[in-house]
Amino acid sequence: FPFTYTPYPIQEQFMTALYSALEGGRVGIFESPTGTGKSQSLICGALTWLRDFEEKKQQEEARLLALGDSGQEVKQQLASAGEGPPDSKDTAGEPDWVMAFVQKKEEQDMIHRLKEEQIRRKKREDHLEKIRQNVQLKYAAKRKRSEEDETKRLLQLSKDMLSAGAGEELLDHNEEELILAEYESDEEKQVVSGLEEDDDDLEEEHVTKIYYCSRTHSQLAQFVRELHKSPFGKDTRLVSLGSRQSLCVNEEVRSLGSLQLINDRCMEMQKNKHEKKSDAEVEGKRRRVSRAVCPFYSYEQMQFLRDEVLLEVKDIEQLVALGREAKACPYYGGRYAIPAAQLVVLPYQMVLHEPTRTAAGIKLKDQVVIIDEAHNLIDTITNIHSAEVSGSQLCCAHSQLQQYMERYRKRLKAKNLMYIKQILYLLERFVAMLGGNVNQNPSSQAVSQPGTVLKSINDFLFQSQVDNINLFKVQRYCRKSLLSRKLFGFVERYRCPGTAVKTNRETQKLAGLQNFLLTLQQGSDKGGPLQNPAVEAESDQLQLASPLMKIEGFLSALTNTNQDGRVILHRQGTVGQSSLKFLLLNPAVHFTKVVGECRAVIIAGGTMQPVSDFREQLLAGAGVDPERVVEFSCGHVIPPENILPIILCSGPSNQQLEFTYQMRDRPQMMDETGRTLYNVCNVVPGGVVCFFPSYEYEKLVYAHWEGTGLLSRLAARKKVFQEPKKASQVEQVLAEYSRCIKRCSQAGGQVTGALLLSVVGGKMSEGINFSDELGRCVVMVGMPYPNIKSPELQEKMTWLDKTMPRAAGQAPSRVLVENLCMKAVNQSIGRAIRHQKDFASILLLDHRYSRPAVLSKLPPWIRERTRVQPAFGAAFAALRK
């Protein structure tokens, strides 16, 4: 394997195992601890396989083409490859000459196809080479674009001067575009993509490629940087995909802020572009308002962008910069590059959510998918396909839609009215299920029977009396007609007090809508006022962004099959605060297609233990043959003496450590935790990170220590920091924490560093590195079991017990709870060791960690070095040493 530097033995093993999994078309679960160069191993292993695969394929093609002249040999070749025509005995008594003819035709077709593919490939490579060699070509496209812009501008000026005297229409300029276009049919129409100029170019063959997905844009950007460093950085055709939010270069659209609004506005602008031709046809009959079309959605410029993307490796930031410069849309331009790309880098959601996948033009047939940072994969699939709407959103959407229908009733076609009435009925019934009435203010209607109820999808649809409505059709209507976007425009327009509306009666009606929206907004703040005006404005924006968008997501979730999900009715306080939530129970249904279509799927991460969740819930549920699954887990690159994991069963005063819900709130347990931590801070240099099972418990312990004076004793050794609840403050706290450690290490004196009190599953337990001095010791207080009383978890446990087999005598629900706990522990304690020369100690405070079933769920490289210490003395001596 070509590699950036001399690889560690474990990297060699990783790449070999990866290569054979891809070659054998397997589903692999790969674990490589952070700090062991996982990204480089993935890049070099996978791209070496891809290079070899392409070479083999080309040699095979060349051989078949060379044999093309002697038909007999090709026939034998095809027969042995299993691609030949059927045996003559299969075809019921066909004469020999018919058989010969059919065989000959199939051979010729095969050779013809290979030749075409070769020509296409050659053409693409020549084209890219030409651009690479000829810098002039690059700038020709840009120059042409700016000339066109100038012409357009002058033309517009002339038109404006001519039409200055023209009379106004009944509805003013901006309002025309709020009206729904005529909805043609319930069946999907074949939509022309509006790129008629060069359609054959679009239908390019998808070459064999690797889709690399991760969770966040920053993780993807880091992967692209790693690729740059690797031996494959120069000659890999890579394209980075992302959401419109991160790729849009149209400032007017970007400024809308929320992803849903950006998506809708973008779709509408394209629709306007595609409707332009038909607008021209009716020009003679009626003057139409010219609608906004995105200036960056230009076919030639996007083709230019595609070529630029394929020429050299670019991350999302570079792609956006290039889009701005070339006046081309990176979101769509990037998509044109997918067929020819060898490596496509994209967020999880784009691969795991089928509608997004289809829209982006991602074809998984016979391709390779690598899912990195996959420890949260099951949760991610569940979250992508779950949806929640509040009572105030349902009432608000009903009110807006009602007003919209009243205002434009005379202009809407019958089919539009029919669907709007169906949606109004659905909203009315959903609010009734929460025990409310859509015509009253949701924040002043108290709920008569508070509590949480779970229902199957069919029961929910039946009890809310909407089982006679075809949700698939309603959903398609919402998507095609852009209803939520029109509604948003309507509300935007009439929210401003200064807007003049034609008649008095309408003014009153719309003022009523505005007041109603304001009361909704105040009612749903749930109590106290928001401190920050900026936050207030932001929530205001989100409140009033058409709530119909959220409801469309909920309707879409209700189209899942009955056994795969549940509807949770959460009634509390007022109707406005109550909510309806769809919970997906079976993530495997949405993963089945991915593993079914792909040649190979690799699920990789730094901490994948415990693996049984992936095997049972995801892969077995998706119908993957156990024979096809391979597991690979490698150790760490650090020497054994660089890590000291200790399971501590009792504290300094021999109090047994057991942080169960019943025991952990006792003063003596909190005191013992404090004493343990104080002793640790006495001997550990630099930073100590202490993880608590929840924010509530951390707050309780902190207050207790403040009262007993232990906090001030801790502060004499280490400056104490607490994890903030707001994500925006995390960076600031971390920066101060690391500054304090650096200062103390240079200054010497009483205070030797800093102590960070953190929360499992919080902002600091994932994706943040406590390398070197920042984390010399990680302390885990108790076992962070999930809240078993939560209705969602209870439903999931019941479902698992019904559908999954018992493993090693344990109920699947019990295994799930233990796995969730240990996944969280493994994520948190893996933060301390980040590279080959790093060292740290890990303290697990709870005697329950010493149980074999729990111990076996630690990552192998930690488990092998873990010591169980019944008494504090021996543990403290080892720690000091």
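What we have here is a predicted model, in which local features need a pLDDT of at least 70 and side-chain atom pairs count only at pLDDT 80 or more, while totals for chains, interfaces and linings use all residues. Residues are numbered from 1 along each chain as its sequence is written, and side-chain values use heavy atoms, with hydrogens and water left out.

Let me begin with confidence. The pLDDT, the predictor's confidence in each residue from 0 to 100, averages 79 for the protein, and 81% of the residues score at least 70. Where pLDDT is low, the predicted coordinates should not be read in detail.

Now to the sheet, which is open, with four strands in the order β6-β9-β8-β7 and antiparallel pairing; two strands pair if DSSP finds at least two bridges between them. At the edges are β6 (387-390) and β7 (451-456), each of which pairs on one side only. From one strand to the next, the twist averages 15 degrees. Between β6 and β9 (residues 579-584), which run antiparallel, there are four bridges, and Ala387 stands opposite Phe582 in β9. Helix α18 (residues 391-408) packs on this sheet, touching β6 and β9, and its direction makes about 70 degrees with that of β6; axes are lines fitted to C-alpha atoms, for helices over the stretch in contact, and angles run from 0 to 180 degrees between N-to-C directions.

How do α26 and α27 pack? Helix α26 (residues 588-597) and helix α27 (residues 612-620) pack at an angle of about 80 degrees, with their axes 8 Å apart. They are therefore roughly perpendicular to each other, the class for angles of 65 to 115 degrees. Ala588, Phe591 and Val595 in α26 meet Gln617, Leu618 and Leu619 in α27.

Finally, the structure holds 21 aromatic pairs, meaning rings of Phe, Tyr and Trp (its six-membered ring) with centres within 6.5 Å. The rings of Phe721 and Tyr737 have centres 5.9 Å apart and planes at 90 degrees, so this pair is edge-to-face, the class for planes over 60 degrees apart.

Definitions and conventions:
Helices (H or I, at least four residues) and strands (E, at least two) are DSSP runs, numbered from the N terminus. Contact means heavy atoms within 4.5 Å. Angles under 35 degrees count as roughly parallel, over 145 as roughly antiparallel, 65 to 115 as roughly perpendicular and the rest as oblique. Rings of Phe, Tyr and Trp (its six-membered ring) pair if their centres lie within 6.5 Å; planes under 30 degrees apart count as stacked, over 60 as edge-to-face and the rest as tilted.
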